[in-house]
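Reader: I've got the coordinates loaded and I'd like to learn how to read them. Can you walk me through it?

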Amino acid sequence: MSHELYELKVQNINRETDDCVSVEFAIPDSLQAIFQYTQGQYISLETEIQGQLLRRSYSLCSAPYEKKWCIAVKEVHNGAFSCYINQQLKIGDSILVQAPGGRFFTKLHPDQEKNYVFFAAGSGITPVIGIIKQILFEEPKSSVLLFYGNQRTEQVIFLEELLSLKNRYINRLALHFLLSREETEEELFHGRINAEKLNRFAERIFKVEEVDEFFMCGPETMILELREGLQQMGVDPHRIHMELFGVQIQKPKPHFDHTAESENCLVRMTLDGRTFEFNLAYNSDNLLDAALKQGANLPYACKGGVCCTCKTKLVKGDVEMMVNYGLEADEIENGYILSCQSFPKSAKIEVNFDQ
Ligand SMILES: Cc1cc2nc3c(=O)[nH]c(=O)nc-3n(C[C@H](O)[C@H](O)[C@H](O)COP(=O)(O)OP(=O)(O)OC[C@H]3O[C@@H](n4cnc5c(N)ncnc54)[C@H](O)[C@@H]3O)c2cc1C
Ligand code: FES
């Protein structure tokens, strides 16, 4: 994935709900190859807002076969970027965008006959609808079941598009909307998507052993609960795909003994062929945050140990990785770490983002 930023023009903006707009970008011929994507991937946008240069990631809600590049942004209360997109961005504006990235997808093939189950909450529907559209288009023998949670009906993003997909693929797509602040006909669909609901869905709506792959995107609490619930039901972690939009749960600061005499570790970092060094106090910032404070242009998205965008190779030294929901066992064996979750433990460490 290239870390370069490209100027893209806003081709269209649609108001999806009171607090969500979708934005379509025009991709000039010269950038078509760089901006090719797999369903479920995200792009990162950068712009200056009130004198501050900000960068945020947004999942593509379009599907590759549509030959469109669309995102949907839900306004977060007092959120700098999401308010800017919802309230100020106009058709014809240009904005800096990084090429698509992320690993929230599975390989599709027209011969496959699979059962997919999706759980989404709020704006978590964005990558999910892109993946669902591509599956329905590309795998004519596969079927899809979606559980989508919101507070109220008027907040359901892409309601019309989902219903029209249901009409088109009536035997292959099943939709279940959950509402937490509105009455529903059936009690099962009232409330949030959580471990208890998962157990009841698995008793009544799908058979866990018949599902090939699970996808989930929403708040951290939801995806971690569902992941644990599925694992307790015996689902292989390779069949569980998660996307996290950001970390809401406050994590305790790490505290562990280090082997060095000094209070700082000397960090040596290589990115895009450039190597730089800085001191990092033990039990303070993780490697990613520390390097960003130094002005380094490191890649990252979720900062929660899920997306692996911040993956780097530990070439020398020792770190403590607090959580890892994304790296595979062979990647860890080969020395890869998540920089957003790693804290130095030895006197010197060396990491390389280019390997
Ligand atoms: C891989 C990835 C894909 C993403 N895709 C989408 C997408 O498709 N659509 C979308 O709308 N967003 C998406 N996000 C989230 C997005 O990147 C921003 O984090 C979000 O728009 C808030 O940014 P902001 O600048 O408006 O808020 P900030 O100014 O960064 O935050 C303002 C306040 O809101 C809180 N806050 C931030 N985000 C949330 C949240 N999601 N829920 C509740 N409180 C929050 C913060 O803790 C802070 O107190 C994605 C994030 C990642 C990592
Ligand atoms: S930024 Fe997502 S895993 Fe580190």
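This is a predicted model: local features need pLDDT of at least 70, side-chain atom pairs count only at pLDDT 80 or more; totals for chains, interfaces and linings use all residues.

Reader: Okay, domains. Into which domains is the protein divided?

Author: The bounds come from a domain assignment. Here the protein splits into domain 1 (5–101), domain 2 (115–244) and domain 3 (264–352).

Reader: How far apart are the C-alpha centres of domain 2 and domain 3, and how many residues are in contact?

Author: Those C-alpha centres are 33 Å apart. As for contacts, four residues of domain 2 meet five residues of domain 3. On the domain 2 side, strand S11 (residues 240–244) gives the largest share, with three residues. That side has two nonpolar residues, two charged ones and no polar ones.

Reader: Now the helices. Are H4 and H5 parallel or oblique to each other?

Author: You go by the angle between the axes: under 35 degrees counts as roughly parallel, and 65 to 115 as roughly perpendicular. The axes of H4 (residues 195–204) and H5 (residues 220–232) cross at roughly 45° and come within 9 Å, so the two helices are oblique to each other. H4 makes a right-handed crossing with H5.

Reader: Which residues meet there?

Author: From H4, you have Ala195, Leu198 and Asn199, which meet Glu225, Leu226 and Gly229 in H5. By class, the contact has three nonpolar residues, two polar and one charged.

Reader: And ligand 1? Which residues come nearest?

Author: There are 24 residues around ligand 1, and Ser59, Gly79, Phe81, Ser82 and Thr126 come nearest. Sorted by class, the shell has 13 nonpolar, nine polar and two charged residues.

Reader: Where does that shell come from, by element and by domain?

Author: Strand S4 (52–59), strand S5 (70–74) and helix H1 (80–87) each supply at least two residues of the shell. By domain, at least three residues come from each of domain 1 and domain 3.

Definitions and conventions
Residues are numbered from 1 along each chain as its sequence is written. Chains are lettered from A and ligands numbered from 1 in the order in which they are written. A residue is near a molecule or strand if its C-beta atom, placed from the backbone, lies within 6 Å of it. Helices (H or I, at least four residues) and strands (E, at least two) are DSSP runs, numbered from the N terminus. Ala, Val, Leu, Ile, Met, Phe, Trp, Tyr, Cys and Pro count as nonpolar, Asp, Glu, Lys and Arg as charged, and the others, Gly among them, as polar. Axes are lines fitted to C-alpha atoms, for helices over the stretch in contact, and angles run from 0 to 180 degrees between N-to-C directions. Angles under 35 degrees count as roughly parallel, over 145 as roughly antiparallel, 65 to 115 as roughly perpendicular and the rest as oblique. A crossing is left-handed if the near helix is turned anticlockwise from the far one by less than a right angle, and right-handed if clockwise. Two residues are in contact if their C-beta atoms, placed from the backbone, lie within 7 Å.
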